[in-house]
Amino acid sequence: MGTELTVQHAKLPRRRERELRAAQYVRMSTDRQQYSIANQMAVIAGYAAEHRLTIVRTYIDEGISGLRINNRRGLIGLIRDVQSGAADFGNVLVRDVSRWGRFQDTDESAYYEFICKLSGVKVLYCAEVFDNDGSPMSGLWKNMKRLMAAEDSRNQSAKVFAGQSRIAGLGYWVGGRPGFALRRELIDATGKSRGFLEHGQQKALQTDRVLLRAGPPDEIAVVRWIFESFVGGKEETAIARELNARGVANHRRVPWNLQMIGRILRNENYTGNTVYCRTSNYLRGRRVINAKAKWIRGVAALEQIVPRNVFDAAQRIIERRLRHRVSSDELLKILRVLQHRLGTLSHNAINRVKGAPSADLYERRFGSLRNAYALIGYVPDADYSYLDTRGERANLIKQLAAEIIGRVPGVGPDLIAERAGGCMAVKDGSFVSLRVVRSWKHSQRHCLAWTLRRGSKARPGLAVMVRLDEQNRQPVDFILTSVTGLPERPLIMTEAVVKKRYRLRFKSAAELIHGLRRKLAREPRLCSH
């Protein structure tokens, strides 16, 4: 029997294997850089092949500015994986220094690279003329490139602002979401209309321009009614409540509120003028409200919706209210007097007193009437403890929505905020609505109860009802049902009734998501049910 030499397949040492593995990070600033990601990957792939590196993971930021790390999920995810020890690679390949980021503080760029270095991960710039090997010369080159990237952003920002200011002065719309009852019309270089742009759509050609146009007649009528009501003596909150009571929809698909009405009343677009540079956010920094002298107007750029004299009358009311602004101490002093005079305080009681500040003013100044009550030592008879957990319930909705969006295929990436919670669009045209249901003590049955309702404007599809415990802090369970399975009118339910009526109940968000995936897979056309 002959002898044989058997060669075992040697395994690379773990550290050596990690050094030959790499992740690539690519970023493009705007969605218009159509081929930027592919071009960066091509350069990185060539570098990896030349240096015998295997790309095992990709981190991407598409349409994200490099000025700040905020919203750069790709870079944030990369840093998180490196710091947590989850990175199974020893190198990060980036096309050049500017793709890593155009941070205005160059120390910030160095900081994120140093985090990788501390964890044994090298950042390699594939298209630069220097090797990032830690030598003094490479450090000099790198810092110079970071300064050049930051300066390039400043120059580009100045050029863009100058160009946009010129376009705005000619009466064109240069960016931002138009207000209620306004639409964007796309115009080509010859002045011919290309149609109207929907929310989220942008022009494709640099030679095209966008004009602001008046919207549908019913929305125009609402805007005129808002101005007439305000000039006639109604406050913003009262106007918002009346619009909500009438079921009037707005462009944001959320209930009307004081801030929304205020923005309409201050919007000069309704007089026929476009206004640019009311606020500035230079290089993604702090938002600054500019003086009116810096505003750039396009006069008579669109059809006048509100007469100038009505708009000016509304501005005089707003300015007069600001000039005669009562101090917070004076407001609280008046509130104490009202308490002693009336014996009790409420929103309606305060508004009924002639000459006294309105309840809405107290809400705006102190955040809520309850906050104002607390400052004067007044404790109302009614129990408003449910308001203390309102922020927690909103956060619960957002957290649950984020988990569903990330783990359930076909669900849209955005949470549509609603007064009762929120909903997410599904690709088939249906929705997944999220609601938090508070518990309360049933005085007759001496047990916990929950009030379930469908809502007057429920969207078709599935509904997730999150029942809260006795303290209204933690979920008891998650009910999954169709929207039509919820009662049209508010219905009080005890634990026994809930168990009998709803079969799909889950103890955790993870179980809910598993059930939601199965439900959507079985019933792909929920919107037709």
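# Cavity and cores in a predicted model

Q: Which strands each supply at least two residues of the lining of the largest cavity?
A: The model is predicted. The lining includes Ser433, Arg435, Ala463 and Met465. Ser433 and Arg435 fall within 431-437, and Ala463 and Met465 fall within 461-468. The strands are E14 and E17.

Q: How many cavities of 30 Å³ or more are there?
A: A cavity is a space where a 1.4 Å probe fits but cannot get out. The largest cavity holds about 50 Å³ of space. With the cut-off at 30 Å³, the count is 1.

Q: How many residues of the largest cavity's lining are charged?
A: Arg counts as charged. The lining includes Arg435, Arg453 and Arg454. By class, the lining has 5 nonpolar residues and 1 polar residue, and its charged residues number 3.

Q: Which element gives the largest share of the largest nonpolar core?
A: This core has 34 residues. Among the elements that give two or more are strand E5, helix H7 and helix H8. The largest share is 7 residues, and it comes from H7.

Q: Which residues is Ile226 in contact with, leaving aside its neighbours within four places in sequence?
A: Ile226 is one of the core residues that touch the most other members. Contact means heavy atoms within 4.5 Å. With the close sequence neighbours set aside, the partners are Ile239, Leu243, Trp256, Ile261, Ile264 and Leu265.

Q: How many residues are in the second, separate core?
A: This core includes Leu396, Ala401, Val432 and Leu434. Val432 and Leu434 fall within 431-437, the range of strand E14. The residue count of this second core is 24.

Methods:
Residues numbered from 1 in each chain as written. Predicted model: local features only at pLDDT ≥ 70, side-chain atom pairs only at ≥ 80, totals over all residues. Heavy atoms only, no water. 1 Å grid on protein atoms, 1.4 Å probe; cavity = no way out; pocket = protein on both sides within 12 Å on 5 of 7 lines; lining within 4 Å. Points joined across faces, edges and corners; volume = space filled by probe spheres on them. Helix = DSSP H or I, 4+ residues; strand = E, 2+ residues; numbered from the N terminus. Core = buried A, V, L, I, M, F, W, Y, C linked by side-chain atoms within 4.5 Å. Buried < 20%, exposed > 50% of the residue type's maximum accessible area, 1.4 Å probe, protein only.
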